[in-house]
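Please brief me on the fold, the surface and the aromatic contacts of this chain, with the cut-offs behind each term.

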Amino acid sequence: MAYLLGVTGSIASGKSVLCRHLANFHGARHVDADRHVHTMYEPGRPAFDRIVTEFGQRVVGEDGYIDRKALGDIVFGKPDLLAALRTAIGDIEGEFMRLLRELKNDPAPIAVFEAVRLFEGPYMEICDAGWLVAAEDERAIDRLMARNSLTREEAEQRMASATPWRERAAKAHLVLHNDGSVAEFQAKIDAAVAQALNHHLSR
């Protein structure tokens with residue numbers, strides 16, 4: 001049975017860096033909740049038709065799949081449309097709970113569930129711990145501009161739409177700050193994993 005770790009954090013904080021490090025150096029099985037949701041509305045699945053009915057043919061790409069960028073441009077910053085999208089996709093929460101139960105029984109030493117809304121659902125009922133990756137706004141904005149080729153205004157707009165890490169810190173078992181180099185962050189991850197597994201095995 002795996003040590004099931006939930007990982008979350010705001011945009012450009014370093015969630016993916018953490019999860020890749022756990023997978024590459026600690027043998028973790030990693031599931032990205034956002035990418036998993038994409039499989040729920042692949043062509044032929046009921047959610048595909050519901051999304052096209054809700055948002056029109058313009059969200060279907062040339063390859064026949066939902067164009068996530070086109071869809072994102074429509075719903076970004078619009079809570080009513082984002083809620084409509086979630087409804088069209090279906091029972092995301094139920095799917096994630098099913099996935100978490102599967103991950104808990106994985107033979108890997110660690111299973112990692114990476115989710116933006118980790119603390120907003122019932123997922124911590126199954127996870128052994130929840131880690132929050134945090135970065136100061138200026139550092140995250142710089143990363144966003146470099147990673148996504150955004151202007152400063154675009155990066156600031158995306159940051160403004162995210163929940164500040166300080167508002168979520170109280171719900172986390174551990175807050176990992178990522179404002180320095182990748183090597184420094186990876187050293188923090190290694191130390192945190194060793195401590196978490198030792199505690200888990202000693203229970």
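The briefing below goes from the overall fold to single residues.

This is a predicted model, in which local features need pLDDT of at least 70 and side-chain atom pairs count only at pLDDT 80 or more, while totals for chains, interfaces and linings use all residues. Residues are numbered from 1 along each chain as its sequence is written, and side-chain values use heavy atoms, with hydrogens and water left out.

**Fold and dimensions**

- The chain has 9 helices and 5 strands, where helices (H or I, at least four residues) and strands (E, at least two) are DSSP runs numbered from the N terminus.
- Read from the N terminus, the order of these elements is β-α-β-α-α-α-α-α-β-β-α-α-β-α.
- The radius of gyration is 18 Å, which agrees with the value near 17 Å that a compact globule of 203 residues would have; the radius is taken over C-alpha atoms, and the globule rule is 2.2 Å times the number of residues to the power 0.38.
- Along the principal axes, the C-alpha atoms fill a box of roughly 55 × 40 × 30 Å.
- Of the contacts between residues at least 6 apart in sequence, 72% join residues at least 24 apart, a contact meaning heavy atoms within 4.5 Å.

**Burial, surface and charge**

- Of the 203 residues, 44% count as buried (buried means under 20% relative accessible area, exposed over 50% and partly exposed in between, with a 1.4 Å probe and protein chains only).
- The accessible surface comes to about 11,100 Å², and 51% of it belongs to carbon and sulfur atoms; the areas come from the Shrake-Rupley method with a 1.4 Å probe.
- The mean positions of the 25 positive and 30 negative charges lie 2 Å apart, with Lys and Arg counted as positive, Asp and Glu as negative, and His and the chain ends not counted.

**Aromatic pairs**

- The count comes to 3 aromatic pairs, given that rings of Phe, Tyr and Trp (its six-membered ring) pair if their centres lie within 6.5 Å, with planes under 30 degrees apart counting as stacked, over 60 as edge-to-face and the rest as tilted.
- The pair of F96 and F113 is edge-to-face, because the ring centres are 5.4 Å apart and the planes stand at 75 degrees.
- This pair links distant parts of the chain, with F96 in helix α6 (residues 92-104) and F113 in strand β3 (residues 110-114), 17 residues apart.
- F96 counts as buried at 6% relative accessibility, and F113 counts as buried at 0%.
- Ring pairs link F96, F113 and Y123 into a cluster.

**The loop residue G56**

- G56 lies in the loop between α3 (46-55) and α4 (68-75), and at 23% relative accessibility G56 counts as partly exposed.

How values were computed. Charge placed at Lys NZ, Arg CZ, Asp CG, Glu CD.
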